Amino acid sequence: MNNLKIYGPMILYSSLILFFPTAFADTNNVSNNWYVGLDIGKGSYTNAGDEHALSVDQDHWAFGTHVGYQFNRYLSTEVAYQYFGEGNASYPLGNIKGNFQQLVLKGIIGNYLNDFYPFLSAGVAAWSGKSKGLREGTATGFSPVYGAGIRYYIISRLNIKLEYQRTESMGNNDIGHTDHQLVSMGVSWVF
């Protein structure tokens, strides 16, 4: 139910944007092109805290930027930097606060349906995390990333997207372990 409060308005607003009357895009010539963009969304550290935590605040704002290359109608690759906000777990002896950021390399497979481009993605994230409070430390590592989304081409050079992404197994014994889920909206310019 808590996820509905967080992600519901974002999904509603993006649906309104997607179906708002716009000029039709020519998506026939959108291959062999570079694109860049910005993303903002709501993230959640899942499996954060443990059974001894009194409370866990795992939802936060996230933002990022991406650059990609569209090889053909079906395949593209993308590099993205993503910053995830702070999570907090309260214990009887004190608090633990932590955050992560990551650099993601992923492949994207999809197909154009008029001005829409539904897609699936998979790749790897090089992450860096830190914690303070009861657990002090930093950690780095690699984790699998996968997701799904849809782009809408407003014009042939400008698109918006709605994307779900999951990063598995971030952290270590020093700072704690977590997975991360992200629902984001983004805008990209194709050149």
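**Chat: strands and a buried glutamate**

Analyst: The side chain of Glu78 makes a polar contact with the side chain of Tyr35, at 2.8 Å. A polar contact is a pair of N or O atoms within 3.5 Å; within protein, one must be able to donate a hydrogen and the other to accept it, and residues adjacent in sequence count only if both atoms are side-chain atoms.

User: What kind of model is this?

Analyst: This is a predicted model, where local features need pLDDT of at least 70, side-chain atom pairs count only at pLDDT 80 or more, and totals for chains, interfaces and linings use all residues. Residues are numbered from 1 along each chain as its sequence is written, and side-chain values use heavy atoms, with hydrogens and water left out.

User: Where is Glu78 placed?

Analyst: Glu78 lies in strand 4, residues 75–91. Helices (H or I, at least four residues) and strands (E, at least two) are DSSP runs, numbered from the N terminus.

User: Is Glu78 buried or exposed?

Analyst: Glu78 counts as buried because its relative accessibility is 3%. Buried means under 20% relative accessible area, exposed over 50%, and partly exposed in between (1.4 Å probe, protein chains only).

User: What is Glu78 in contact with, leaving aside neighbours within four places in sequence?

Analyst: Its contacts include Tyr35, His66, Leu105, Arg151 and Lys161. Contact means heavy atoms within 4.5 Å.

User: How many residues apart in sequence are Glu78 and Leu105?

Analyst: They are 27 residues apart in sequence. In space, they are 5.9 Å apart, C-alpha to C-alpha.

User: New topic. Why is strand 8 largely enclosed by the rest of the structure?

Analyst: Strand 8 covers residues 158–172, and eleven of its 15 residues are buried, so the rest of the structure largely encloses it.

User: Which strands pair with strand 8?

Analyst: Strand 7 (residues 137–155) pairs with strand 8 in the antiparallel sense over ten bridges. Strand 9 (residues 176–190) also pairs with strand 8 in the antiparallel sense, over 13 bridges. Two strands pair if DSSP finds at least two bridges between them.

User: And what joins strand 8 to strand 9?

Analyst: A hairpin does, through three residues. Strands 7 and 8 form a hairpin too, with two residues between them.

User: What stands opposite Leu162?

Analyst: In strand 7, Ile150 stands opposite Leu162. In strand 9, the bridge partner of Leu162 is Met185.

User: Last one. What about phi of Ser169?

Analyst: Ser169 has a positive phi of about 55°, although it is not a glycine. Most residues other than glycine have a negative phi. Ser169 is found in strand 8.
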